[in-house]
Amino acid sequence: MDQLAKQEKGELPKQPDLLRMSATPIPQTLALTIFGDLDVSTIKTMPMGRKPIITHLTMQGNEYRVYEAVREELKQGHQAYFVYPLIEENESQEGDNRVMPLKSAEEMFTFLSQQVYPEYKCALVHSKVEEEKQNQILNDFRDGKIQILIATTVVEVGVDVPNATCMVIESAERFGLAALHQLRGRVGRGSQQSYCFLIY
C-alpha cells in the first residue's frame, strides 16, 4: 500500500492545514490557550555554526565595565546595539521615585558617540525618526558603515546583522520578558561568540 493510500485510511498523520510559528514562547503559549487543540513542534537547535549568546547582568553604576567589554568587540571589527526604554530625556516617568532616572536614547546617543566611543561611527534610530531615514540607518548598520546603533525597541524584530555581537539593554527591568528575548535575538546571528548585557 502506498503512502497516499495509508494516509487516506488514517494510518499516517495528515499534513497540517494551518501552521503557526513563533520565535518567542510567550505569545505561542497564549495562542494555545485561545485556539486549543494544536500540536506543538519545538525547534530546539540553533542554525548550524551559531553559538549560544552569553548574557551578563550588571547593576546600574557599573556601566563602564560593559562599555569596555563592548569596546573589545568593536576592536575586533564587530558591531553593537545599545537599547533604551525612552526616546527623549523629558518623557513622562509617572510614579518613579528612583535615585537614578531612566536614560533616553537621544541623550545616550550624544554621550556614547562623543565621550565613550568617539572613534566609532554611531547612529540613532527610534520611532520618531522618519521611516525612510530609519531604513537608511538600518541598511548602513547592516552594511558595516555604522559600528554602534543606539535605539529603542524599534530594533526588536526584523534586523539581521550577523556581524553584531553585542546587545546592551539599559534599564532592562523596564522591558517585558518577550521584548528582552527578541532584543537578545538580534545578536548571535553569525558564527562569532555574542553577548547580551542587561543593565538594571
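This is a predicted model: local features need pLDDT of at least 70, side-chain atom pairs count only at pLDDT 80 or more; totals for chains, interfaces and linings use all residues.
# Briefing on contacts, aromatic pairs and salt bridges

Leaving aside neighbours within four places in sequence, R71 touches V116, Y117, E119 and Y120. This residue belongs to helix α3, which spans residues 63-75, and R71 counts as buried because its relative accessible area is 13%, where the limit for that class is under 20%.

**Aromatic rings**

- A search of the whole structure finds eight aromatic pairs. One of them joins Y117 and Y120, whose ring centres are 6.5 Å apart and whose planes stand at 65 degrees, so that the pair is classed as edge-to-face.
- Both of these tyrosines, which are also contacts of R71, are buried: Y117 has a relative accessibility of 0%, and Y120 has a relative accessible area of 17%.
- The rings of Y195 and F197 form a stacked pair, because their planes are at 25 degrees, with the centres 6.3 Å apart. F197 is buried as well, with a relative accessible area of 7%.
- Ring pairs also link Y64, Y67, F82, F111, Y117 and Y120 into a cluster.

- I150 lies in strand β4, residues 148-151, and is buried, with a relative accessible area of 0%.
- Apart from neighbours within four places in sequence, the contacts of I150 are F82, Y84, A105, F109, L112, C122, A123, L124 and V125; F82 from this list is also a member of the aromatic cluster.
- Between I150 and L124 the C-alpha to C-alpha distance is 4.9 Å, although the two residues are 26 apart in sequence.

**Helix α6**

- Within helix α6, which covers residues 177-184, the residues A179, L180, Q182 and L183 are buried. Viewed down the axis of α6, the buried residues fall within an arc of 165 degrees, so they line one face of the helix.

**Surface patch**

- L57, M59 and Y200 make up a nonpolar patch on the surface, and together they have about 340 Å² of accessible area.
- L57, which is found in strand β1 (residues 54-58), counts as exposed, with a relative accessibility of 61%.

**Salt bridges**

- The count of salt bridges comes to nine, including one between the side chains of K103 and E63, with an N to O distance of 2.9 Å. This pair links distant parts of the chain, since K103 sits in the loop between β2 and α4 (105-116) while E63 is in helix α3, 40 residues apart. Both K103 and E63 are buried.
- A salt bridge also forms between K128 and E88, whose closest N and O atoms are 3.3 Å apart. Here too distant parts of the chain are linked, K128 being in the loop between β3 (122-125) and α5 (131-142) and E88 in the loop between β2 and α4, 40 residues apart. K128 counts as exposed at 53% relative accessibility, whereas E88 is partly exposed, with a relative accessible area of 24%.
- D140 and K145 form a further salt bridge, with the closest N and O atoms 3.9 Å apart; D140 is buried, with a relative accessible area of 16%, and K145 counts as exposed at 53% relative accessibility.
- Salt bridges that share partners join E63, K103 and E170 into one network.

Definitions and conventions:
Residues are numbered from 1 along each chain as its sequence is written. Side-chain values use heavy atoms; hydrogens and water are left out. Rings of Phe, Tyr and Trp (its six-membered ring) pair if their centres lie within 6.5 Å; planes under 30 degrees apart count as stacked, over 60 as edge-to-face and the rest as tilted. Buried means under 20% relative accessible area, exposed over 50%, partly exposed in between (1.4 Å probe, protein chains only). Helices (H or I, at least four residues) and strands (E, at least two) are DSSP runs, numbered from the N terminus. Contact means heavy atoms within 4.5 Å. Patches are made of residues with over 30% relative accessible area and no salt bridge: like charges are joined within 9 Å, nonpolar side chains (Val, Leu, Ile, Met, Phe, Trp, Tyr) within 5 Å. Accessible areas come from the Shrake-Rupley method with a 1.4 Å probe; for residues, only the protein chains shown count as cover. A salt bridge is a side-chain nitrogen of Lys or Arg within 4 Å of a carboxyl oxygen of Asp or Glu. The arc is that of the directions from the helix axis to the C-beta atoms.
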